[in-house]
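Please open the model in your viewer and keep the selection panel at hand.

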Amino acid sequence: MTALMTQAPPRVGFVSLGCPKALTDSELILTQLSAEGYETSKTFEGADLVIVNTCGFIDDAVKESLDTIGEALAANGKVIVTGCLGSKAVDGSADTSGGTTDQNLVRKMHPSVLAVTGPHATQEVMDAVHLHLPKRHDPFIDLTPSFGIKLTPKHYAYLKISEGCNHRCTFCIIPSMRGDLVSRPIGDVLKEAEALFEGGVKELLVISQDTSAYGVDVKYRTGFFEGRPVKTRMLDLVAELGQLAKPYGAWVRLHYVYPYPSVDAVVPLMAEGLVLPYLDVPLQHSHPDVLKRMKRPASGERNLERLAAWRAACPEIVIRSTFIAGFPGETEEEFEHLLDFMREAKIDRAGCFAYSDVTGAEANKLEGMLPIALREERRARFMAVAEEVSSTKLQSRIGATMQILIDSAPALGKKGGIGRSYADAPEIDGVVKLLPPEKISKQLKVGEFTRARVVGVDGHDLVAAPI
Ligand code: SF4
């Protein structure tokens, strides 16, 4: 028995590829591994088994995932694959074999992998781990922090509120890989949020494929949190999260919100300061015909009017969005409509992709495919306008005092640090470059807030002096 207890713990190598949604899957698996006494290895060679959480969204991501699986197989030999790519068939459609036949893309390319699962399959992954690397028996290793193991820095965390999507945008294969919308029970979501705040999280990033649709699948069913009835609905969720965050002085940031009329009711909560006045609204285009060809949600909405109304209700609101330039059939006139929209809507933070085919997506079959050079040229023209808008907005912040969440501060900020304001989501927006504090006694600490006076602009970033 004693020999069993002193055995080295089994070690698992873990690679997490893909989007923030995949990251939360990785966190769930790592939390479970840790709870069961598995340790992680930083190298493939030092592990007893490797798990690769893959992404299958665009062709580059598929290649990166397949290459990583190949490297892990070469270096270690025992590999379990999970994530979006795991549910993809060779022809780009959804794999119905559950990763067991060579109809499955991963299985076909790498027949020696031990198991293949799709996304959000913690239990299946754990079953495969148990089969190929049994856990050590130890009654003391059940202890794991209630907020789980997070791959993001301790002071911010992603909160996934639903899986899948009811839309069928023609350029996207997520619904075929992840299925229709399934909202998590509101009680579970709020419990997780509370545990994250308890665990020191200062910024909660709400994610899903379509945050505004939260609860549609369960007809906004009433759930329970701490004995109280709460509706499974975006407005109720946001209000509850804001209340939970308050005692911790923490931020709540909303991603992937579509411009539906129902969102209008959320904006006053931003004006009140309950949640950050920041909305990530993936608009993709402005011209109604292009939006129709894209089969975008809320394509019939009057987005300019809606954005103006949101700004009237909450003047400090920051809008982030992504766009696609050069979608099949996009005429010069349709593209200029997009440029005019951008100038008028004054999207604070805009990203733009030149359209590119995604294996298995319906848009590949649309007529009027544009030459790649033209798509790239339009992307560059769009970005020139976007940068003008963003730079004017950033310049207007000079002289303002803002609250900054500190992401990095070597030597307690003696040489300055890096932080973000409410206008900057981690990893996708700019940052605030903090100068060394003037007051000798002032320290900057990662995961804490500081007030800072904006003194300049540096590209997409602000420069600010801590006060
Ligand atoms: S809303 Fe459209 S782009 Fe977003 S996940 Fe659903 S189908 Fe894909």
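Which pocket is the space taken by the ligand? That space is the largest pocket; a molecule sits in a pocket if more than half of its atoms lie within 2 Å of its grid points. This is a predicted model, in which local features need pLDDT of at least 70, side-chain atom pairs count only at pLDDT 80 or more, and totals for chains, interfaces and linings use all residues. Residues are numbered from 1 along each chain as its sequence is written, and side-chain values use heavy atoms, with hydrogens and water left out.

Next, show the largest pocket, which holds about 1,400 Å³ of space. A pocket is an open set of points on a 1 Å grid over the protein atoms alone, where a 1.4 Å probe fits, with protein on both sides within 12 Å along at least five of seven lines; lining residues have an atom within 4 Å of a point. Of its 47 lining residues, Phe57, Tyr256, Gln284, Thr322 and Phe353 lie nearest its centre. Elements giving two or more residues to this lining include helix H3 (59–75) and strand S14 (318–325). The lining divides into 28 nonpolar, 10 polar and 9 charged residues.

Finally, select Leu283, Leu291, Pro297, Ala298 and Asn303, which lie nearest the centre of the largest cavity, a set of points from which the probe cannot get out. Its volume is about 50 Å³.

Key:
Points joined across faces, edges and corners; volume = space filled by probe spheres on them. Helix = DSSP H or I, 4+ residues; strand = E, 2+ residues; numbered from the N terminus. Nonpolar A, V, L, I, M, F, W, Y, C, P; charged D, E, K, R; others polar.
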